Amino acid sequence: MSLLNILRYPDPRLHKIAKPVTVFDARLKKLAADMAETMYDAPGVGLAASQVDVHEQLIVIDTSDTRDDLRVFINPEIVWASPEKQIYDEGCLSVPGIYDGVERHAKIKVRALDVDGKRFEIETDGLLAVCIQHEMDHLKGKVFVEYLSPLKRNRIKAKLLKEERELKRDRQSVAVR
Ligand code: NI
């Protein structure tokens with residue numbers, strides 16, 4: 001297994017639309033395993049393939065405290081969503097250090113395929129429901145900061161771009177030493 005590079009907002013590749021997975025082979029299993037390893041290492045509770053620059057409909061999630069309940073959703077679809085909404089403070093591995101409230105459906109029913117191409121359905125609420133909706137947005141090219149006001153979003157963009165420049169500068173000064 002190997003760790004994958006996570007794209008950082010505002011990288012334009014985060015806005016690509018992911019295609020459905022059609023081939024369930026060893027490559028797909030390795031991608032899911034590498035994504036899980038990357039998510040646990042970060043650490044995070046969810047990761048979408050879009051975040052590692054693979055534009056296919058695949059997400060990995062583990063919202064358990066014990067970090068031993070890995071869930072893989074391929075070609076996920078929300079088949080039912082409660083009219084009730086809830087607001088959670090969300091974060092994202094592609095938007096490091098930023099947390100803000102996003103309103104989403106409180107309860108959802110999701111249909112997806114596993115790594116073997118077998119179909120399953122789950123109905124869930126709480127953090128798992130939030131996480132699935134957040135990761136499914138990534139597959140549509142949407143990052144959670146897009147729910148925030150333009151003012152907040154621009155501030156976040158400026159902060160992350162500044163950090164990115166500083167990181168690059170640090171890397172360069174290491175290289176010339
Ligand atoms: Ni995210």
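**Entry 1: Pro96**

I looked up Pro96 and found it in the loop between β4 and β5 (100-105); strands are DSSP runs of E with at least two residues, helices are runs of H or I with at least four, and both are numbered from the N terminus. Because its relative accessibility is 27%, Pro96 counts as partly exposed (buried is under 20% relative accessible area, exposed is over 50%, and partly exposed is in between, with a 1.4 Å probe and protein chains only). I then compared Pro96 with Arg8: 88 residues separate them along the chain, yet their C-alpha atoms are 7.9 Å apart.

I note that this is a predicted model, in which local features need pLDDT of at least 70 and side-chain atom pairs count only at pLDDT 80 or more, while totals for chains, interfaces and linings use all residues. Residues are numbered from 1 along each chain as its sequence is written, and side-chain values use heavy atoms, with hydrogens and water left out.

**Entry 2: the nickel site**

I asked which residues coordinate the nickel ion. They are Cys92 through SG, His134 through NE2 and His138 through NE2, at 2.1 to 2.2 Å. A donor here is an N, O or S atom within 2.8 Å of the metal (3.2 Å for Na, K and Ca), and since water is not among the atoms, sites may look incomplete. Along the chain, I read the spacing of the donors as C-x41-H-x3-H.

I placed His134 and His138 in helix α2 (residues 126-139), where they are about one helical turn apart because four residues separate them. An α-helix has 3.6 residues a turn, so residues three or four places apart point the same way. I checked accessibility as well: both His134 and His138 are buried.

**Entry 3: the two largest pockets**

I next examined the largest pocket, whose volume is about 330 Å³. A pocket is an open set of points, on a 1 Å grid over the protein atoms alone, where a 1.4 Å probe fits and protein lies on both sides within 12 Å along at least five of seven lines; lining residues have an atom within 4 Å of a point. Points are joined across faces, edges and corners, and the volume is the space filled by probe spheres set on them.

I found 21 residues in the lining of the largest pocket, with Val45, Glu90, Gly91, Cys92 and Tyr99 nearest its centre. The elements that contribute two or more residues to this lining are β4 (85-90) and α2. With six residues, α2 gives the most. I also recall that Cys92, one of those nearest the centre, is a donor to the nickel ion.

By class, I recorded 11 nonpolar, seven polar and three charged residues in the lining of the largest pocket. Here Ala, Val, Leu, Ile, Met, Phe, Trp, Tyr, Cys and Pro count as nonpolar, Asp, Glu, Lys and Arg as charged, and the others, Gly among them, as polar.

The second largest pocket holds about 210 Å³ of space. Its lining has 14 residues, and Ile6, Leu7, Arg8, Asp11 and Glu164 are the closest to its centre. I recorded eight nonpolar, one polar and five charged residues in this lining.

**Entry 4: helix α3**

I looked up the length of helix α3 (residues 150-176). Its 27 residues reach 39 Å from the first C-alpha to the last, close to the 39 Å expected at 1.5 Å a residue (the expected span is 1.5 Å times one less than the number of residues). Within α3, I noted Arg153, Ile156 and Leu160 as buried.

**Entry 5: the aromatic pair**

How many aromatic pairs does the structure hold? I found one. The ring centres of Phe73 and Phe120 are 5.6 Å apart and their planes meet at 45°, so this pair is tilted. Rings of Phe, Tyr and Trp (its six-membered ring) pair if their centres lie within 6.5 Å; planes under 30 degrees apart are stacked, over 60 edge-to-face, and the rest tilted.

The pair links distant parts of the chain, for Phe73 is in strand β3 (residues 71-81) and Phe120 in strand β7 (residues 119-125), 47 residues apart. I noted that Phe73 is buried, at 0% relative accessibility, whereas Phe120 is partly exposed, with 26%.

**Entry 6: backbone angles**

Most residues other than glycine have a negative phi, and most peptide bonds are trans. I listed the departures.

- Tyr9 and Pro10 are joined by a cis peptide bond with omega of about 5°, and Pro10 is in the segment before α1 (26-41).
- Ala42 and Pro43 are joined by a cis peptide bond with omega near -10°, and Pro43 is in the loop between α1 and β1 (46-48).
- Arg67, not a glycine, has a positive phi of about 55°; it lies in the loop between β2 (58-61) and β3 and is partly exposed at 27%.
- Asn75, not a glycine, has a positive phi of about 50°; it lies in strand β3 and is buried at 15% relative accessibility.
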